[in-house]
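This briefing goes through one protein model, topic by topic. Please look over the sequence and the structure before reading the points below.

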Amino acid sequence: MTTDDVYQLAQGASAYTRLMQQGYAATRQRNYQRALQFFQQAHGISPGSGSANRAIANVRGYAARGSRKRIGIAGKPGRVGSAATRGNCFQNQKPAIPLLPPGSEAVLTTQEYPTFYFYIPQITPETQVMEFVLRDDLRDDENVTPENIRPLYRQTFSPVSQSGIISVRIPSNGQPLQLGKQYTWGFSLVCDRQKRDEDLYTEGKIERIEDEDLAFQLKQTQRTLDQAVLYTVGGIWEDALSTVASLRSQHPNDPEVKKYWDDLLKSLSELRKEPQSQKLGEVNVSDAVDMPFLPCCSSEQEITK
């Protein structure tokens with residue numbers, strides 16, 4: 001590589017960074033059309049950039065919504081993992097619904113210790129415990145089986161007494177998520193601890209990333225709701241949801257916070273292609289809009305002391 005080649009690469013990287021930062025700055029000012037132009041120019045310099053691709057897809061969603069200003073993240077239609085019972089233990093219990101976008105791709109976070117949110121329909125008496133597990137995503141390794149993977153985090157919780165939203169945060173005294181590595185999470189409603197194949201179970205993937213351009217703009221943004229918009233345009237779902245959920249739980253009567261929360265969950269329902277009209281007994285993400293945040297989750301051992 002010649003000196004000229006190195007210089008051109010450096011110039012390209014500098015221009016890409018400048019354009020991405022300008023795009024995020026325009027997003028923060030709600031100038032979505034201008035932001036789209038900057039992100040597209042950045043993509044032209046670095047077509048393989050995941051950050052530019054995500055920003056283009058998501059800011060288009062904002063621009064298309066116009067005055068509705070609906071929060072949303074582009075994603076492929078589909079289910080998040082699976083949610084079904086393979087036995088006859090549960091009769092009327094509905095599965096927990098992860099507040100996550102659809103598809104098989106990993107949800108993104110910038111956090112070493114992320115928080116997971118689930119909508120829990122009314123718990124039936126058959127539910128003994130709830131369980132959350134986080135493990136390395138090693139399923140492409142033929143020498144590794146689910147039985148010999150030691151989870152990074154596994155905890156059981158006492159069932160909640162009412163329907164609502166729970167959050168599970170990976171404890172900071174454990175192993176942090178590593179950059180660029182995918183992890184698999186799973187959440188179960190357990191009916192019989194001796195027959196785990198009858199669990200109501202859902203799972204998905206999460207990956208920690210670093211976006212310096214987004215981080216720079218976040219430092220310039222004092223208003224928390226504006227930070228949530230930047231996270232959504234950047235495609236960082238876990239951070240966006242945690243930001244708005246934290247505000248919603250702290251300020252349940254704030255109309256602006258409630259609108260952001262409503263829009264976030266309604267957009268998620270749209271991405272999951274959930275029907276607007278439901279059959280009796282069906283449960284959707286949109287049902288969680290007005291649900292309370294429940295005081296969970298402490299470990300089952302702590303609860304029973």
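Leaving aside neighbours within four places in sequence, which residues is Leu-134 in contact with? The answer is Phe-116, Pro-151, Leu-152, Tyr-153, Ile-170, Leu-177, Tyr-183, Thr-184, Trp-185 and Ile-206. The model is a predicted one.

**The chain as a whole**

- The protein chain has 305 residues, and 49% of them count as buried.
- Eight helices and eight strands are found in the protein chain.
- Taking contacts between residues at least 6 apart in sequence, 72% join residues at least 24 apart.

**The nonpolar core**

- The largest nonpolar core holds 76 residues.
- Leu-134 is one of the residues with the most contacts inside this core, together with Leu-99, Phe-132 and Phe-187.

**Helices H5 and H7**

- Helix H5 covers residues 224–233, and helix H7 covers residues 255–271.
- The axes of H5 and H7 come within 11 Å and cross at roughly 15 degrees.
- H5 is therefore roughly parallel to H7, because angles under 35 degrees count as roughly parallel.
- The crossing of H5 past H7 is left-handed.
- On the H5 side, the contact is made by Leu-225, Val-229 and Thr-232.
- On the H7 side, these residues meet Glu-256, Val-257, Tyr-260 and Leu-264.
- By type, the residues of the contact of H5 with H7 are five nonpolar, one polar and one charged.

Note on methods:
Residues numbered from 1 in each chain as written. Predicted model: local features only at pLDDT ≥ 70, side-chain atom pairs only at ≥ 80, totals over all residues. Heavy atoms only, no water. Axes fitted to C-alpha atoms, helices over the stretch in contact; angles between N-to-C directions. Helix = DSSP H or I, 4+ residues; strand = E, 2+ residues; numbered from the N terminus. Parallel < 35°, antiparallel > 145°, perpendicular 65-115°, else oblique. Left-handed = near helix turned anticlockwise from the far one by under 90°. Contact = heavy atoms within 4.5 Å. Nonpolar A, V, L, I, M, F, W, Y, C, P; charged D, E, K, R; others polar. Core = buried A, V, L, I, M, F, W, Y, C linked by side-chain atoms within 4.5 Å. Buried < 20%, exposed > 50% of the residue type's maximum accessible area, 1.4 Å probe, protein only.
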